[in-house]
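Hi there,

Here is the structure I promised to pass on. Have a look at it first, and then read on for what turned up.

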Amino acid sequence: LGLALYTGSLCAVTSAAFLYHDYCVIGAGPSGLQAAYFLQQASRDYVVFERSHAPGSFFALYPRHRKLISINKQYTGKSNSEFNLRHDWNSLLSHDSRLLFRRYSRDFFPNADTMVRYLEDFASLLKLQVQYNTAIVHVTLERDRQAWNGHYFLLTDQDRQNYKCSSLLVATGTWVPNVVNFPGSEYVEGYETVSINPEDFAGQTVLILGRGNSAFETAENILGVTNFIHMVSRSRVRLSWATHYVGDLRAINNGLLDTYQLKSLDGLLEGDLEDLAIIKDKKGKLHITLRFYLDNRNTSAGIDSITLPQDELDNFATRAPYDRVIRCLGWKFDFSIYNSSLRMMPGKGNKKKYPQIKPSYESRGTRGLFVLGTASHSVDFRKSAGGFIHGFRYTTRAVHRLLENRHHGVPWPSTVYPITQLTNSIIKRVNEASGLYQMFSVLADIILLRENATAFEYLEEYPVGVLAELEVQTGRKAPNGLFVIIMEYGRNFSGADKDVFYYNRAVGEAQHAWQSNFLHPVIYYYKRLPTEREMRLRPPDWPLPRPDAVHHIVEDFLTDWTAPNAHILPLRRFLENCLSTDLRNFFAESCFLFAFTHQKLPPFCRQGYARMQGLVGSEGLRRHAVEAGLLEDYSLTDFLGDGPPDSHEGSQDQLLRDHAIPVHPLQHLVNAKDE
């Protein structure tokens, strides 16, 4: 009895010790702060746990040589802030223009210390609820039918303080170094601790394990002082300009490729690192051999008693001993703090460094647990920018919108327009939207058609991977069909083995738009919302299932899709064919004639002219339209019969003075001509 009473009192004390929040965010890196911003703007109950004393602790150490590879373009020739974010890869989203990264650095590739300072200001200026020096060491579940997701998340920090949350947002990134264990791996130095002083490598011979940006960054730092550098990895080098994936090797770090191909002693090799072995001789030199040569021998038995590859093959590539071997193999997600009840499982294949999540960024094992930032990159690994700030700032916003609808009944933001604005709305977004541009093939704009296609509802930057769940995830209905606007590269243009500089690499005519290679807008039309089965069975490398109709807007050298004939006219005709309606814009005279000669007015005339909407016309405007071929030169003779020629001009001027004729704004003149 005493034991039972003690246990009951202990449980009561433990329960009372839990500090509750609706939302818990683990990690105050860029994605954690971005999530905090949206939660704060929505006045939600949240807290961010950060193990360090300041936000962005990853950037306090990495990259080791302090130069970021995320571009910071100061000038674009435009003042549109949304467009400029296409070329600002460091800023987080906020309403405060002071928190644009270009105000912190003018460098095209900024210093990592500037990122640390930027994140500190982002957290402090926006007064985000970040709890520093709090390392979450254990996360588990507590079943409760009253909870939002049927359970609460219980978190414990390093001081054994407990927290309870209804939703958990994991924004810890990938920070655990990848380590390959093989005989002699104890002689390997890690990227996280190796010296960054080039003079420490003067006159040395170095082997680097890995072939990503951290490996080439390390090589670039010591390229001018070493005897030679060899780099070994299981896969061939992947150049970002060929793969169109910003996580592959960037030009800023690829000096070693020059020295390799121009035969300046440095070189690249391919091989499985787990098959290697390292032997250290009496002089401290490191010899590379293969694991199977060692058999059951001890690596410390002495190099003279061990067979080396060059003993059998005298031109073995790595027969020269090395002074240092450096491991630069990237990072992986830390699974250690999550209890098995959360079922946080690593991905498969080349995604095993990330946790398994759905295209909605929710854990496959636990409802209510969302993964943000770099750790969520399994959704678009080697495809888009979801593992980097300029990508996950948008996916984090998408997750917030999903949560707002699920837990607070706030539907996905949308705007309703008359159908006459359909072409203009699409053209505006594909020319400005930064989320579509950066998260190509992952985030898409959704246009939901209203009954009889008289109007449409526009939703921005929705994750296409959960298109089948759109009605549940957004709170919006799609009973009358929809358009999906997405950005894509050509199907066969990207790849490590592709020559992206071949002579006829681009097309310029609208009839060849489907062959476009560079990033360009693609519009999918569905008469009904695709099903989950159709999403699963979609063609390989297609972001969406087969549509009822599809339209490619031809690629443009300036990424400016505003050309009247090459871009706008083909798009308008595609939309008209899908909707069986006329989306042209007309002058008032044309609408007037249609009213007498047609049984049904075009939508533009019904929604504009018939409702007395438009600009007041003038003779100058009318004459300009006639001379441009956009308007027929109807003379008053057609209506008043034969009369003295001189009187017609006077009568027409008088008519224009007495009765102003409404016309549509000038920016729509280009669509008025009936092609």
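**What was found**

The protein has an accessible surface of about 32,400 Å², and carbon and sulfur atoms hold 50% of that area. Please keep in mind that this is a predicted model. Its secondary structure comes to 20 helices and 24 strands. Of the 675 residues in the protein, 52% are buried. Among contacts with a separation of 6 or more, 66% are between residues 24 or more positions apart.

With the bonded cysteines numbered in sequence order, the pairing reads 1-2, 3-4.

Is cysteine 328 buried or exposed? Cysteine 328 is buried, because its relative accessible area is 3% and the cut-off for buried is under 20%. Cysteine 578 has a relative accessible area of 15% and is buried by that rule.

Now back to the surroundings of cysteine 24. Phenylalanine 49, in strand E2 (residues 46-49), has Cys24 among its contacts beyond four places in sequence, along with others including Val25, Ile26, Leu155 and Tyr163. Gln131 is also one of the contacts of phenylalanine 49. Phenylalanine 49 and glutamine 131 are 82 residues apart in sequence, yet their C-alpha atoms are 5.1 Å apart in space. Phenylalanine 49 counts as buried, at 2% relative accessibility.

Threonine 366 is another buried residue, at 3% relative accessibility. The place of threonine 366 is in the loop between strand E15 (331-332) and strand E16 (369-371). Beyond four places in sequence, threonine 366 is in contact with Leu141, His151, Phe153, Ser341, Leu342 and Arg343.

Then there are the aromatic rings. How many aromatic pairs does the structure hold? There are 31 aromatic pairs. One of them is edge-to-face, between tyrosine 191 and tryptophan 331, at 5.9 Å centre to centre and 75° between the planes. Tyrosine 191 is in the loop between strand E8 (189-190) and strand E9 (205-209), while tryptophan 331 is in strand E15, so to speak a link between distant parts of the chain, 140 residues apart. Tyrosine 191 and tryptophan 331 are both buried. Elsewhere, ring pairs link Tyr37, Phe38, Phe101, Tyr104, Tyr118 and Phe122 into a cluster.

Finally, a couple of charges sit over rings. The charged end of lysine 78 is over the ring of phenylalanine 83, 4.3 Å from its centre. Likewise, the charged end of arginine 324 is over the ring of phenylalanine 201, 4.2 Å from the ring centre.

Best wishes

Note on methods: Residues are numbered from 1 along each chain as its sequence is written. This is a predicted model: local features need pLDDT of at least 70, side-chain atom pairs count only at pLDDT 80 or more; totals for chains, interfaces and linings use all residues. Side-chain values use heavy atoms; hydrogens and water are left out. Helices (H or I, at least four residues) and strands (E, at least two) are DSSP runs, numbered from the N terminus. Buried means under 20% relative accessible area, exposed over 50%, partly exposed in between (1.4 Å probe, protein chains only). Contact means heavy atoms within 4.5 Å. Accessible areas come from the Shrake-Rupley method with a 1.4 Å probe; for residues, only the protein chains shown count as cover. Rings of Phe, Tyr and Trp (its six-membered ring) pair if their centres lie within 6.5 Å; planes under 30 degrees apart count as stacked, over 60 as edge-to-face and the rest as tilted. A charge sits over a ring if NZ of Lys or CZ of Arg is within 6 Å of the ring centre and within 35 degrees of the ring normal. A disulfide is a pair of cysteine sulfur atoms within 2.5 Å.
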